[in-house]
Amino acid sequence: MLYLPVGVVFVNAGFEDGVPTFTHVADVLTDPFYFGFLADIFAEPFAIGSHLASLVGWVGAISISLSLEYPLSDLGIPLPVPWLGLETPGLRQGLFGFTAYQAGLSTIASVALGLPAAYVLANYEFRGRRTLRSLTILPFVLPGIMVAVGFYAMFGQAGTLNSLLGAVGLGPFAFVETSPLAIVILAHAFYNAPLVARITVAAWESVDRRAVETARSLGASERRAFRDVVVPQLAPAVLTGALLTFIFTFMTFPIVLALGGLQLATVEVWIYDRIQRLDYAEAATLAVLETILSLGLTYAYLRYESAQTGFSQAASPPPKEALFPDLQTALSPRRLAIVGYGLVTLVVFVGPLASLVVGSVTDGGGFTLDHYAFLLERQLEGESFQTLPLPAIRNSLLFAVATLAIAVPMGVVVSVLTARAGRLGTVVDTLAMVPLAVSGIVFGIGLLQGLVFGISLPGGWRFQVTGAVAIVVAHAVAAYPFVTRNVSPLLSGLDPAMVESARALGASRYRALLDVELPLVASGIVAGAAFAFAISIGEFSSTVILASGGESYTMPVAVERYLGRRSGPAIAMGTILLVVTAASFVVVDRVGGRFER
């Protein structure tokens, strides 16, 4: 269910009618629409027809640009984006170049927002600091499509920001329409700035304050000591967070699809468009090239992380001072800068989610329940081929429960293998983490072309997985690595003598695992289960490909369907998704808490 779909994608890109071919890959590599000026370099190995392929690529790119108003249509002249002075690259960069470009900008924004948060959490003590640090994990359990709708509710023409600006006689401003790239980058920062902060806080708290005091005693100023002692110890953590952010935003899909569409198409969005147009060969080729790049980036991250391990807690961590001990200190430039940063984080992190809820019960004229009334009317009077709200909610919950039933045992089994099988366990762990490096859209293509369409077997048999089963498979494959990542460290930390004592008293290996080891790692199992449930509730990339009708639509797919027609119902459906996600996470956590006790 994992390697077969991914293998199908590679086969479809490298074979035609059962015969190996490099044609599909060559067509993409030599097309300026995809690789810009690099296409000419890639075309050099293809001596025969290289100039013709380049010409066809240019003509094809121009025709596509004219028909779809794609931002790569200016033949190399950057298109200005009025807000924040950002620019979308021209045809010289190509589709892959633009994807890397927006990932780079998103990484810069995430680091810029994440580092001040790390500074505050690592150096100051205040009420709610532990809670705030725990909340840095929140973006990882929020559906991407819901966050995209939240940003639309915040920055749209009828959104919260324009309403506030209108109260002082300004606006409205078409932020989303005129500056979609800037909104997409902010949405990516919403997801990844907490990741940067979380990694950097751990490194900051491991800095030994005695080294800083030694530098000060040798005559270094506070700024010089920070630059020469603290910064070198923080740099690996910051670079690790930045590299992870780049990988995640390079493979971005739901946020760009909802906020930018084909106008800001990344590789993943374009793959989805090719599937919609039934161009499976080109979609598979793009998927293979993207997977190779993402695997290369992931490998670079793992190598860098392994080379920089050792962020252990310092023997003498830096002391934390009160954030606002008195009024005079509160008015100091440093504290005022922290307050200003707090206001920025409210706009970027709290604003979209609050706007999602507010936007579901308001319109240009004030309070209204018309958006929910539309959903109710659609449910009562809609046709079977339309997107109905209740089946989407039901499907999301049922798929999430089924995902738990598959992903949790899978994750625990892989954890046991990785913790107990020595060198073989390392190999198993590496192979089992493939879903983290392969995007949902690529996996969805493989499932669609392989298991959903069916695979012929000897003897006239046909292996086929369709409908809800295919979606649950996709969700389980995406979720089980998070179970493994939560359980494996706890299993590895258990004292082997405990298992040996149980075995000496007559317990079988299975009984020792069931009665001794698993109860001791219950917290990791519960945490992994909560992640698996939330990931299933919010999964969009593969689901939008596999969902074929009302019987398999989920809430994220319903949000995307409504957003393409009317923003009000999409915001209302996004609010329902937010409530269901939060409630589900609380229920799983409560049940798990009782299990741990």
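Q: The model shown here is predicted. Why is Asp 515 called partly exposed?
A: Asp 515 has a relative accessible area of 42%. Buried means under 20% and exposed means over 50%, with partly exposed in between. The value of 42% lies between these limits, so Asp 515 is partly exposed.

Q: What makes the contact of Arg 511 and Asp 515 a salt bridge?
A: The side chains of Arg 511 and Asp 515 meet with N to O at 2.2 Å. A salt bridge needs a side-chain nitrogen of Lys or Arg within 4 Å of a carboxyl oxygen of Asp or Glu. The pair meets this rule, therefore it counts as a salt bridge.

Q: Why are Arg 511 and Asp 515 said to be separated by about one helical turn?
A: Both residues are in helix α26 (residues 509-520), and they are 4 residues apart, which means about one helical turn. As for its label, Arg 511 has a relative accessible area of 47%, so it is partly exposed.

Q: How do you know that Arg 224 and Asp 228 form a salt bridge?
A: The closest N and O atoms of Arg 224 and Asp 228 are 2.5 Å apart. The limit is 4 Å, so the pair counts. Arg 224 and Asp 228 both lie in helix α13 (residues 222-250), 4 residues apart, about one turn of the helix.

Q: Which label do Arg 224 and Asp 228 get for their accessibility?
A: Arg 224 has 42% relative accessibility, and Asp 228 has 40%.

Q: What makes Leu 278 count as exposed?
A: Its relative accessibility is 59%. Exposed means over 50%, so Leu 278 passes the cut-off. Leu 278 is placed in the loop between α15 (267-276) and α16 (280-307). Its phi is near 65°, a positive value in a residue other than glycine.

Q: How do you know that Phe 463 can belong to a nonpolar surface patch?
A: A patch residue needs over 30% relative accessible area and no salt bridge. Phe 463 has 34% relative accessibility, so it passes the area cut-off and counts as partly exposed. Phe 463 lies in strand β10 (residues 462-463). The patch, of about 510 Å², is made by Met 1, Leu 4, Leu 457, Trp 461 and Phe 463.

Q: What makes up the lining of the second largest pocket, by class?
A: The lining has 24 nonpolar, 4 polar and no charged residues. The pocket has a volume of about 740 Å³. Of its 28 lining residues, the closest to its centre are Ala 117, Leu 132, Thr 345, Phe 349 and Val 350. Helix α18 (333-359) is one of the elements that supply at least two lining residues, and α18 gives the most, with 10 residues.

Notes
Residues are numbered from 1 along each chain as its sequence is written. This is a predicted model: local features need pLDDT of at least 70, side-chain atom pairs count only at pLDDT 80 or more; totals for chains, interfaces and linings use all residues. Side-chain values use heavy atoms; hydrogens and water are left out. On a 1 Å grid over the protein atoms alone, a cavity is a set of points where a 1.4 Å probe fits but cannot get out, and a pocket is an open set with protein on both sides within 12 Å along at least five of seven lines; lining residues have an atom within 4 Å of a point. Grid points are joined across faces, edges and corners, and a volume is the space filled by probe spheres set on the points. Ala, Val, Leu, Ile, Met, Phe, Trp, Tyr, Cys and Pro count as nonpolar, Asp, Glu, Lys and Arg as charged, and the others, Gly among them, as polar. Patches are made of residues with over 30% relative accessible area and no salt bridge: like charges are joined within 9 Å, nonpolar side chains (Val, Leu, Ile, Met, Phe, Trp, Tyr) within 5 Å. Accessible areas come from the Shrake-Rupley method with a 1.4 Å probe; for residues, only the protein chains shown count as cover. Buried means under 20% relative accessible area, exposed over 50%, partly exposed in between (1.4 Å probe, protein chains only).
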